[in-house]
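Here are my notes for someone opening this one for the first time. Have the model up beside you as you go through the points.

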Amino acid sequence: MGGAKARKKDISKKLKKGTPELSASKDKAADFLPLEGGPARKLPDIEVRESKATVLYIGRIPHGFYENEMEGFFKQFGTIKRLRLARNKKTGKSKHFGFIEFVSPEVAKVVADTMHNYLLFEHLLQVRLIPSEHVHPRLWKGVNRWYKPLDWVKIERKRQDKERTLEEHNKLVEGILKRDKKRRKKIEAARIDYECPEMVGAIQAAPKKIKFAD
């Protein structure tokens, strides 16, 4: 009898002190036991938020992989809402990075996970999700206007046919004759039997469009 009473007193003392073993048995849902002793504690529940990002940044895009190619490749994952390839405003050449927006955030995450560091034409694609709050409001400005290649022949023709002053014309002729002289010297040094056509009389004549000073 005396031994049973002693055990009950010992258990009651341990409950008051908060012995870890008894505390853990009392609260089985506890996450951890504090090192300093005392009752077990439960960590606060952390709410895991699902990503709502649908816009992807794509970097290191290889030459030749443009809007049509990008759309044809990435639409295998899901529906594309918008697509934009960064281009040089003056030359129209690709800057080798762009942005894609998918309709579904789940699809965007799958693309980011599977296509990052994907080897494409000897380029490792860099694909990252852009949080919704970090998407620039002007990112998609003019996205529906597809790039139209510049007509460089027309631009160069316009540059060559512009009106010149007599001084500008003489400077142009001087440059042509200088380059022709260097060309003749290279041909002679190579001992090539070639008779260069005379172009002095043809180019030294006054041009049709002369802009006279007022």
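1. Start with Lys 109, which comes out as partly exposed at 42% relative accessibility (buried is under 20% relative accessible area, exposed over 50%, and partly exposed in between, using a 1.4 Å probe and protein chains only). Its partner is Asp 113: the two form a salt bridge, with the closest N and O atoms 3.1 Å apart. By that term I mean a side-chain nitrogen of Lys or Arg within 4 Å of a carboxyl oxygen of Asp or Glu. Asp 113 counts as exposed, at 54%. Both sit in helix H4 (residues 105-115), 4 residues apart, so about one helical turn separates them.

2. A word on what you're looking at. This is a predicted model, where local features need pLDDT of at least 70, side-chain atom pairs count only at pLDDT 80 or more, and totals for chains, interfaces and linings use all residues. Residues are numbered from 1 along each chain as its sequence is written, and side-chain values use heavy atoms, leaving out hydrogens and water.

3. Helix H5 (residues 152-160) has a pair of its own: Arg 159 and Glu 156, 3 residues apart, about one turn of the helix. Their side chains meet in a salt bridge at 2.6 Å, N to O. Arg 159 is partly exposed at 45% relative accessibility, and Glu 156 is partly exposed at 34%. There's also a network: Asp 180, Arg 183 and Arg 184 are joined by salt bridges that share partners. Across the whole structure, the search turns up 6 salt bridges.

4. Now for the strands. Arg 82 and Glu 101 make a salt bridge, their closest N and O atoms being 2.7 Å apart. Arg 82 belongs to strand S2 (residues 80-87) and Glu 101 to strand S3 (residues 94-102), so this contact ties together parts 19 residues apart in sequence. How accessible is Glu 101, buried or exposed? Glu 101 counts as buried, at 8%, while Arg 82 is partly exposed at 28%. Helices (H or I, at least four residues) and strands (E, at least two) are DSSP runs, numbered from the N terminus.

5. S2 and S3 run antiparallel, joined by 6 bridges, with Arg 87 opposite Ser 94 in S3. They form a hairpin with 6 residues between them, and Gly 92 in the turn has a positive phi of about 80°.

6. S3 also pairs with strand S1 (residues 55-59), antiparallel over 5 bridges; pairing takes at least two DSSP bridges between two strands. Look for Tyr 57, which stands opposite Phe 99 in S3.
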